[in-house]
Amino acid sequence: MTLLLIASLFLPLFPLSIVLNGALTTLRHPAARGAVLLLWPQLGIGLLQIAQHAIPPYFVPWALLTSGLYALRLLTVRDMGRWAGFLATSGLALTWALAAAGADRVDLHLFAFWFSLPPALMALLAYPLTRRFGAAYAGLQGGLIGHLPRLSGVLAVTALAAVATPPFPGFFGLLHVLQVLDWVGAVAVLAIWLIWGWAATKLMQGFIFGAERMESDADIGRASTLAFAGMLGVFIAAGLYSTGGGL
Amino acid sequence: MSLELGRRLNIRATVHVAGEPIPFFWPMRTFIHHNPLYGLEHLPFEQAVSEGERLFHARGFLPRPIQQGYLASGKIDLVALEDQVERFLAAQPDIAGLDQRRLLMTLLTEIEKPIGVPPSLADAADVHAALAGFALPARKIDDAALAAQVGADMPPGRPLYAIVDMLFGTEIGATLDELVIKSCLDFFDEGQSVWQMPGREKGLFAAWTAVAQRNLRLFIRGLHIKRILAADNTPEGIISHVMEALGVPEDDWKNHFACELTRLHGWAGFIRWRAGAKHYHWSRHYPADLVDYLAIRLVLGLALLREHAQRKGLPDTLTGLARFVEAHPAEAYLRREFHGGHVLPEMAHAVEDAIAAPRGSRIARLLPQYLARKREHEAKGLAAALRRLADKAGMTNAIQRLGPEDLARLMSTLARFEQAEGRMWLGALEARTMDRLLQGMDLSQPVQREKRPFAQLMFCIDVRSERIRRHLEKIGDCQTFGIAGFFGIPVSFIGLEKGSETHLCPVVASPKNVVLELAIARSVDEQAFVSSLEQVLHELKASVLSPFITVEAIGLLFGFDMFGKSLAPLAYSRWRQRLHPNKSDSRLLLDKLSREQADSIIRSLQRALIVKAIVRELGLQREAITDGMIRELRETALGNRESSTEFARHFNLDTRAESTFIARLRTVYRIDRGYAQMQMERLGRIGFTLDEQLNFVGTALRSIGLIEGFSRFVLLVGHGSTSENNPYESALDCGACGGNHGIVNARVLAQIANKSAVREGLRGQGIDIPDDTWFVPAFHNTTTDRIQLHDMDLLPPSHLVYVDRLSSNLQSATRLSAAERMPTLEPESDGVDPAKAYRTAQRNASDWSQVRPEWGLSRNAGCVIGRRHLTEQMNLEGRVFLQSYDYRLDPKGRLLENILSGALVVGQWINMEHYFSTVDNEHYGSGSKVYHNVAGRFGVMTGNLSDLRTGLPAQTVLKNGVPYHEPMRLLTFIDAPFDLARRAIEGVVKVKNLVYNGWVRMAIVDPETGICHLYEDGGWRQHVMGTDSTSEEFKELAA
């Protein structure tokens, strides 16, 4: 049980999730944030394997509650780094639903990866924004689409990946979660998914559209754009490959 | 409660005065180019631009990087720019050891990013420390300073909701705008909506009140409109009530009203224009004015504020807000920083958390840290900018050596300089263009022609006429003239099958005379079939349910239309044109009618209506009725005889049926004595007396200097444009004809000038038009450059042999002109042959996806009022208005005064419209056409809900996002002796103000002395023009 509780620090459940988000806030370097987002949940799944303990039934509602709370919190957060952390927390908490249903180790690792890579990319994307505008804060510098079209494009697609829109693997992972939950749980997950979409729209509105207060016109380079696009392309392909067989 | 009359009048007057700076917005059907700052033309140009910045939040000059691009491409005169900097520095304090001239020139020409507004927290000592790399000196910023910063954003008159939005991040302003726009769309709709707003005939405020009180959506949102409206039943009373409820001191009402009205200045401008347009059908039937509009805004604004106050505990009076700022200066400051867009980005999250926290302790903890960081940020930012500037100027050490006092002086100078740099760039841009034009002008005396030209053509002064005039003059033996496109005849025109009058003259004039177009012959059946089909399609699309079925049933037809228009626009448009019957030939009714003639016209109209009534009401055929029966029915309806008509007896109508029919003739078909009398009065406005006709022709010819040497053909070329799917089509038409095609005015003048009685009269005035001279109206399509001759059936047989030569000349000029224009529209068409260019131009005119069918008047720069000889050898690239004028025929300057008050004023409006639409397309222009939607059939909005977009779209003035139009004030040249021209300028108050306030750059080119007189910096300066040299000598003259 202790191991399970420790695992709930890494597959964050409220209030233990505060640790992950605190760490993300403290870390300044975007690469470090990205690395934490990618590795942290994988440690949690490793602990679950070690625990060899059946997951008590109350963990699933606890996970749904955590996911819902962080989804709602997303609606009011404008700092992109924090937003990525909260979204990851909200998504990763759902791993418990799969784990409770007895999903195998690989599925769990992949699920955690589907919900941590896009937030990690968003944490990285906060860097060019911070460098240009002093902060990656929605609403402070709107109208990026007109001046920084490449950055806007990458940002929009990454946000879509992060909120599990098809054909990104998060979407198929979410379908898997719906399959293992009862109808009440499924409705709750759908509601959470809806809130993610709403929150992402609000965030993008604050960056890509919105009022224009440009202080920098330098877009990200072609190489960076291609790197992000390539990563997202591979992400989709990997998702389709690994989830397609399972469905 | 109802206000006293005096009080109400006072409020009305205040609202109207507050609305003065808002420019009129004409319906898009007749787009009128106008100065967006027309209401501020009484101020000097720069002052008006600053006021425009304040009122409309718009930029008045191009940003520096674009100006630097102009400088690099040689469009800006560097010497003139340096001269401007010198003049600026003359009024600035000296700073020892610093070459300010070099520093400022470097700032202008080598630094793209402005240094920006002075810092709000950092002072010169801080910047000095930052420059030296030291820590910032310790300094405490007290609450009073913070409150003062917040107070600076709360000037008297700023609406309370705007301040609440700024401090609390609410979006009351945006919501209010949305609600107001929806209300306006409902009321002002001109047939776009299928279901109309009820009660519109009672006026805007009354109709809106009736609907708003029953509006469930508003009620659900918590907006208790009813309670506010209960205070008074007049808009003035409501305005007074709301202003008192908000606690706005009465002295600030005017400013407050101005802020409210300028917030949606497109709608306010439309309402302002509409209220004064007495001839406008929609305003006559559905009246509205700014007072109604303002009352609605204020009611909704107060309701929204109260709703927020109730829900979130925000202040809903000015006093309450002032108390809040006074009691919580730190919170107010941080709120303003965050919601007002001033927050330090890296602390945005911390500030947001602090102001959202219920306790003030977080704010108290955060504030010192925030102030310190922001002060440091500002000081370092400014120091870095100064260091960059100094490095570029090679003055790094000089800047480093400055003490805090000198640094403070320098910072103030730089701030003032960046405020003033726009006008410096503008002056230098104008100087280069003016210089080029002056150098190209031929000041020698024109050589007398040996024989008369083959044809003379009178074109509109429009800049688009210049190209085709130049080609015509080169190709054929043609002489061309420029005259305002309405040819000096203000006409109120009623076209074929049109029920309303169109004013064909500049909007500054109101025509007294009506010209009626009458058909010679027409195919009624064909016409009826096509119009019925169109009517049916329209009904199917517009009704509530039928579109569901229409899509299934005939959707494919529309698909065919779409493919045709998209894939082969030119061929498809020609095919479609063949479906429509040709417009029947017509004549214009130009002569005044005698009483008998008018009586006869009314009689024949009444007869036609009676026949229609019999066919419609009784189902009888025309052939069953005799003229006698119709006459008898008419007399009965007019009350000249008792009933019991032959008609009733013949068709066995009993007395009751007969009386009912006669009553319907009176009420429905308006066959009654009163209406006949009204028709008689209206007919009295038709046509011109012989004296008027003589005067119009004589003045037109004298004003352009054509009183002898008439050719066989004198073409009067009106102009207009054709394009598809383009709400701005009329912006490309003739501005002098009120945004309409100019062909009607050309036909009117030609018809008058060809009359023998008129020519006889003209001979008496010394204008001897030979018998073989024939005035031919023609239409210049500026999109395709095609010139089409009209009324050719009236041409004397003796001229027919020359028509081929005339047509081929016109066609060649058309193609050459298209070949010159097309590369500017489509870069890939560089070097196309003229025929291909012409085809491309035709395609542009019929392509519904073409957002830029032509450049219109973009790149207009100058206006030359003088003989063609002056500019005949120059390629003016379609950038100059050319008004023909011969001062030798105008010893008193009266003709020049007319030209200045008409053509120049219209030219200046066009010029300013382009200027402001270019320098700030989002605010003064209308943004991209791609997002436009037609609103209510009279305007366009961006997206589905926005202010009415005024000004020109981006596609008209920008190319690839950068200005295509070079924004400068109209450079006007008058070819006349200095004293005569100066007297004429000073003789027209409007023109005098435009020139002396710097809205127009004026140069008088004196042909008798060869000296050019420029009006600059409040005085006339001489510019001695050498024939082969560019040397200049300026002498100050007493203004």
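## About the model

This is a predicted model, in which local features need pLDDT of at least 70 and side-chain atom pairs count only at pLDDT 80 or more, while totals for chains, interfaces and linings use all residues. Residues are numbered from 1 along each chain as its sequence is written, and chains are lettered from A and ligands numbered from 1 in the order in which they are written.

Let's look at S8(B), which covers residues 774-781. Strands here are DSSP runs (E, at least two residues), as helices are (H or I, at least four), and both are numbered from the N terminus. In S8(B), 8 of its 8 residues are buried; a residue is buried if 20 or more other C-beta atoms, placed from the backbone, lie within 10 Å of its own, exposed if 12 or fewer, and partly exposed in between. Trp774(B), Val776(B), Ala778(B) and His780(B) point one way, and Phe775(B), Pro777(B), Phe779(B) and Asn781(B) point the other way.

Two strands count as paired if DSSP finds at least two bridges between them. On this basis S8(B) runs parallel to S7(B) (residues 713-720), joined by 8 bridges, with His719(B) opposite His780(B). S8(B) also pairs with S9(B) (residues 786-789) in the antiparallel sense, over 4 bridges. The hairpin of S8(B) and S9(B) has 4 residues between the strands, and Asp785(B) takes a positive phi near 70° there.

## Strand S16, covered on both faces

Further along chain B comes S16(B), residues 970-975. Because 6 of its 6 residues are buried, S16(B) is largely enclosed by the rest of the structure. Leu970(B), Thr972(B) and Ile974(B) lie on one side, with Leu971(B), Phe973(B) and Asp975(B) on the other.

S16(B) runs parallel to S10(B) (residues 862-866), with 4 bridges between them. It is also parallel to S17(B) (residues 1000-1006), this time through 6 bridges.

## Two crossing helices

Now for H4(B) (residues 78-90) and H5(B) (residues 100-110), whose axes come within 10 Å and cross at roughly 130°. Axes are lines fitted to C-alpha atoms, for helices over the stretch in contact, and angles run from 0 to 180 degrees between N-to-C directions. The two helices are therefore oblique to each other; angles under 35 degrees count as roughly parallel, over 145 as roughly antiparallel, 65 to 115 as roughly perpendicular and the rest as oblique.

H4(B) brings Leu81(B), Glu82(B), Val85(B), Glu86(B) and Leu89(B) to the contact, and H5(B) brings Gln100(B), Arg101(B), Leu104(B), Met105(B) and Leu108(B). Residues are in contact if their C-beta atoms, placed from the backbone, lie within 7 Å.

Leu131(B) is found in H6(B), residues 124-132. It counts as buried because 21 C-beta neighbours lie inside 10 Å. Leaving aside neighbours within four places in sequence, Leu131(B) is in contact with Ala383(B), Leu386(B), Arg387(B) and Gln400(B). Leu131(B) and Leu386(B) are 255 residues apart along the chain, yet their C-alpha atoms are separated by 8.5 Å.

## Where the chains meet

Finally, the contact between the chains takes 7 residues from chain A and 5 residues from chain B.

How values were computed. Two residues are in contact if their C-beta atoms, placed from the backbone, lie within 7 Å.
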